[in-house]
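Me: I have a structure open and want to learn how to read it. Can we go through some features together?

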Amino acid sequence: MKKRTLGFWEIWNMSFGFLGIQMGFALQNANVSRIFQTLGAEIDDIPILWVAAPITGLVVQPIIGYFSDKTWHSRLGRRRPYFLIGAILASLALFVMPNSPVLWMAAGMLWILDASINVSMEPFRAFVGDNLPDEQRTKGFAMQSFFIGIGAYVASKLPLMLTYFGVANIAAEGVIPDSVKYSFYIGGVAFFLAVLWTVIKSKEYTPEQMKIFEEQEKETKPVYDDFSEAWYVKNGKSHLINGLIVLLVGLIATYAIYHYDLKKDLYVLTLGLISFGGIALIVSGLMQTNKTKSSFVNIVIDFQMMPKVMKQLAWVQFFSWFALFSMWIYSTGAVTEHIYKTTDTTSVAYNVGANQVGEMFANYNIIAAAVAFLLPLLAKRTSRKFTHFVALLAGGLGLMSLYFITNPTTFTIEWLPMIGVGIAWASILSVPYAMLSGALPASKMGYYMGVFNFFIVIPQLVAASILGFLVSSFFDNQPIYALLIGGCSMILAGILSLMVNDKEIITTNE
């Protein structure tokens, strides 16, 4: 038994929900820093306020992936219940977010909004792996990239588009402009309707059918399920040693930050180390006392046994997303301060620059949509890893070019830097997933796609922790330097992509 080859419109329908999901993400990425600054946040405090987004992704995605692998609803299937629940919650959060009266509430709403978006988004990646045969998965992820680009383009332009209809773009100090508020309302409606379309128009294979597919692929993909009691005891001892080391390093680093009165953002890193060490100790105890059937232990073991290609792609993802996060949180400050020479959020110059950031984000997304189906063609003629290298190199140079802009025009700010970023974005959204999906067992597709998100989230946490420290300590609080760091990081990711061993996956996916 083989998975059915799907037609164009079937792939279209199963990917359409990403249009709404990305509208939610794009509104968040392009406007949250603006909301924070309007409500009184200082520029070097922006990264730590953003930390809610990656933390929720780190926690939510693997958990949702793990449970969606084990879910089956007679009418909604395996992944679609999570699409729908996440869409409802995210749409409500989009209505509340721009009405936050104070900074702490806006930061809390970012947490809720990002968690809700992740509930919908994570199963969409596994949806492609579930429903498409190997040879169609590159097309499936390319279709997702297309909708991501279109959705983000429209959402990023919404505040400016609404000003053409007389919606106010400037408000009193401490008040979110109506152009931003109404954009979030539109995004909330679009999010729900787009995801509902996929829920209604798509089908899923039954657990019995997926079981057959899993049995067939065990011949070519390692599936780890059964281990001896001695193996668990030995592995538990290893987790004990590693956990103690990481926990000790985290505690020492936390004390150093406190003792030397370093920037508080750095606590994100040290508390992350402490949490990781604590989890390792808990797992060690469970393994050594033969409590190995718990979901918690299974999640950790599956993480430990991740496919080799996934480990290789981890570093590529790390430096790619570190660069993207630097762009998302610092572009508004970089453009308004470095190019327009203003920090006054009530000034015309500031809001012109802030709107141009929305245009920039819109443009890189429409470019990504335009090139989404060209990247598989280039990969077929060369290789996926070379294609990813070229795309990331273009993105890194695009980010770095913002430093050299002295004449702010529509082309020099809104288009020229974003051409490279758009190419990189299209590749980041599709090529790594195409490399990875062929190596994942069907029974754990959702979980591993969620774990893959670790290598998106962890760099964002690192960026949120150290970028504020670097900008304030070494670059006189000038956010443009965060973009230069991001550009270098993206180029490094491109170089690392050349080291990924993609040979076995190319033979099954192409």
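Predicted model: local features only at pLDDT ≥ 70, side-chain atom pairs only at ≥ 80, totals over all residues.

Me: Let's start with the helices. At what angle do the axes of α19 and α20 cross?

Reply: Find α19 at residues 445-452 and α20 at residues 454-474. Their axes cross at roughly 20°. They come within 5 Å of each other.

Me: What does that angle make α19 relative to α20?

Reply: Angles under 35 degrees count as roughly parallel. Therefore α19 is roughly parallel to α20.

Me: Which residues make the contact?

Reply: From α19, take G450, V451 and F452. From α20, take F454, F455 and I456.

Me: How many of the residues in the contact of α19 with α20 are nonpolar, polar or charged?

Reply: Sort them by class. Five are nonpolar and one is polar. None is charged.

Me: Now the loops. Which loop holds K341?

Reply: Look between α13 (308-339) and α14 (348-371). K341 sits in that loop. Check its backbone too: K341 has a positive phi of about 60°, although it is not a glycine.

Me: What is the relative accessible area of D476?

Reply: The value is 61%, so D476 is exposed.

Terms used. Residues numbered from 1 in each chain as written. Heavy atoms only, no water. Axes fitted to C-alpha atoms, helices over the stretch in contact; angles between N-to-C directions. Helix = DSSP H or I, 4+ residues; strand = E, 2+ residues; numbered from the N terminus. Parallel < 35°, antiparallel > 145°, perpendicular 65-115°, else oblique. Contact = heavy atoms within 4.5 Å. Nonpolar A, V, L, I, M, F, W, Y, C, P; charged D, E, K, R; others polar. Buried < 20%, exposed > 50% of the residue type's maximum accessible area, 1.4 Å probe, protein only.
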